[in-house]
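Try each task before you read its solution.

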Amino acid sequence: MTSPANHLPSPVHTALQEGILVVRIDNPPVNALNAAVRAGLQAAVQQAQSDASVRAVLLVGVGRAFIAGADIREFGKPPQEPLLPGVCNQIEALDKPVVASINGPALGGGLEVAMAAHYRVATPHSKLGLPEVTLGLLPGAGGTQRAPRLMGAMAAAELMLSGKHLSADAAHKAGLLDAVASGADAVDNGLAFVRDLLARNAPVRRTRDQAISDAATAPAALDQLAADTAARNKGLFSPAKIIDCVRAALRMPFDEGLAFERARFVECLDSPQRAGLIHAFFAEREVAKIPEASAAQPRPLQTIGVIGGGTMGAGITVAALDAGLQVTMVERDADSIARGRTNVEKVYNSLVDRQRMTAQAREAVLARLTLSTDYDDLKDVDLVIEAVFEDLGVKKEVFAQLDRICKSGAVLATNTSYLDIDAIAAVTRRPSDVIGLHFFSPANIMRLLEIVVAERTSAEVVATAFELARKMKKVPVRAGVCDGFIGNRILATYRQAADYLMEDGASPYDIDKAVRDFGYPMGPYQMMDLTGGDIGWATRKRKALTRDPKTRYVEISDRICERGWFGQKTGRGYYVYAQGVRGGQPDPEVAQIVDAERARKGVTPRAFSADDIMRRYMAAMVNEGAKVLEEGVALRPLDIDATFIFGYGFPRWRGGPMFWADAYGLPNVLADIEAFAKEDALFWQPAPLLQKLVAEGRGFASLNTLK
Ligand code: 3H9
């Protein structure tokens, strides 16, 4: 069979076996439903209809997935016939039984195809879900109408709003599957199932004809769910539309419900959030594509050493244990190692308390942890991560020790967040084995891992670090050495812009609110209170010696720290934190400090709207991002996007700062910077790369492919 779309062989093959038309979908890697697959499915339906010897149809996916959904690379391009909703309707309309035999993921449009079939069976390791919400969409091929008929309206709404994947067992219990097969082969499972149907003369059973089991109670429950969803998904477009579609399923005949769904789907498809979320989906995967991946193989990675049992060291230890690795944690004395053990155990105890883990499983994990106060115990580890106090001298001492002790070929990693890794590597006789692994706190939770490649780091060591990230399910971003690498360097710049705004007239509370309204979970001053003002204070003191005296320096944070107000941990920072009350309250005394600093500097406060605030905040972020790119500290704009989405709370639906900049328009970003430069030309120096892109009429997206 050829695909009419492009005259290539069709990715859908059919074969008649015992009167059963076996339809194999073969579009690696995950059988996404592109135009050729849709055309192939349509042709297979026509074949089944017109060939009298076909008694039933079996749909299977070749390889590791049934179907992972619509081909999301097609979104944003002109739609190509046949469209998936029509194909699903044709499958359902067949008057011979159609069975979907699922192996692996049946997601989004993939599950919609399966729900349009008359029966469903799956291998035990299959995953079923409607994750469109994570891409700014809703199930648009009948999913919002068929899922309520199979599993009930509320369960369907919850599945679609969560984007979660159900296990085969859970999907069976929920009513999505007729059976979980014991065998691993989808064709064998499916053939056995169809044979049984035929033997029983089982009828065609169309999902569209089934009643919704909770039709009486769902409307009121959906109102409550809608209210909860609005509160939970601030700023997101598609969740409310999903609920509207489920309401339509309850209220309208099936075909009207489908038309209603289609209209809402197109609204989602056209929304900028869809574009941002799909960019984030691909960025999450593209970051692992680095030059070293093709140039070298990772070294063996079974055993890890972690130096330090504080918050960071313990978090890294948990991440490594969760990845199935053997971990040796080293601390300087018995008290510190006991504290390290407690920090690690706390995480697993809490899982056991919340019944997310059995006590037995906790013991099995902790059995892979060795605690020691002797560096010599690191002599056999494959990779060691140092997470000690952030001081170059201390780190150099640690690396000199590691160089003496660790076996040849061990990867020596530092978790520094800004120190010069070349200088750390230089104290060893093996600088090519040294790399930065910058985890974010809490290290067992945060997805971002900045992999900092120093001057002499070998490709093999880089590949090993990426392999570690893969095992830990992190989002690895390759960064070069500079003060703060990608994330903290750009953060420092936009934080500076925020401080200027504050001194010039915006209150810290106005700034935090504008940033939250943009989509961040919290603003920069709330963040500072959370992480501890003393950390930034120490950095500012360190940098004071080298700071260009012409640079504008805002001292408000110093005034606050001088009072011992370091944020949440001291009960006071930019906000006051009353005992037992969640979140902080604005502090009138902080407002007085801000006023006093303005007066001391002779600044007459101006009014800034939320839009004024965000334009400066974002312009600073994007401009520094362009500089980071130009210097090769980040490989591509998408690496910066992934850094901020997965490590700094940047709203995923905006696609990351560089993607946002393209959408806002680079000429607009540049015009803003040039306007702000009239107030402070030193801070607002446009990045030459930004100027170049504007002059050439290009966007950051044009730099996303590696040469
Ligand atoms: C939808 O269905 C809309 C419909 O309701 C309505 C239509 C009208 N398309 O993640 P991996 C690529 S919306 C295109 O590394 P894993 C992926 O980029 C869709 N490409 O593997 C990667 O490419 P590369 C709803 C896709 O084993 C490669 O496949 N469905 C798609 O860790 C391997 O992916 C979803 O949201 C796609 N749909 O995980 C499911 N999916 O090798 C999205 C994957 O070049 N997909 N690719 O980097 C997933 O969740 C995971 O990929 C999956 C496999 C669990 C399937």
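**Exercise 1.** Count the disulfides, taking a disulfide as a pair of cysteine sulfur atoms within 2.5 Å.

*Solution.* The count by this rule is 0 disulfides. Take Cys245: its closest cysteine sulfur sits in Cys268, 7.7 Å away, so that's too far for a bond.

Before going on, some ground rules: this is a predicted model, where local features need pLDDT of at least 70 and side-chain atom pairs pLDDT 80 or more, while totals for chains, interfaces and linings use all residues. Numbering runs from 1 along each chain as its sequence is written, and side-chain values use heavy atoms, with hydrogens and water left out.

**Exercise 2.** Decide whether Cys245 is buried or exposed, then do likewise for Cys406.

*Solution.* Buried means under 20% relative accessible area and exposed over 50%, with partly exposed in between (1.4 Å probe, protein chains only). Cys245 has 0% relative accessibility, so it's buried. Cys406 comes in at 6%, so it's buried too.

**Exercise 3.** Describe the shell around the ligand, counting a residue as near if one of its heavy atoms lies within 4 Å.

*Solution.* Start with the count: 25 residues surround the ligand, with Arg64, Gly109, Glu112, Glu132 and Arg285 the closest. Next, sort the shell by type: 14 nonpolar, 4 polar (Gly goes here) and 7 charged. Finally, look at distances to ligand oxygen atoms: 2.5 Å from a polar side-chain atom of Glu132, 2.6 Å from an N or O atom in the Glu112 side chain, and 2.8 Å from a polar backbone atom of Ala70.

Key
Near = heavy atom within 4 Å. Polar contact = N/O pair within 3.5 Å; in protein donor to acceptor, adjacent residues only side chain to side chain.
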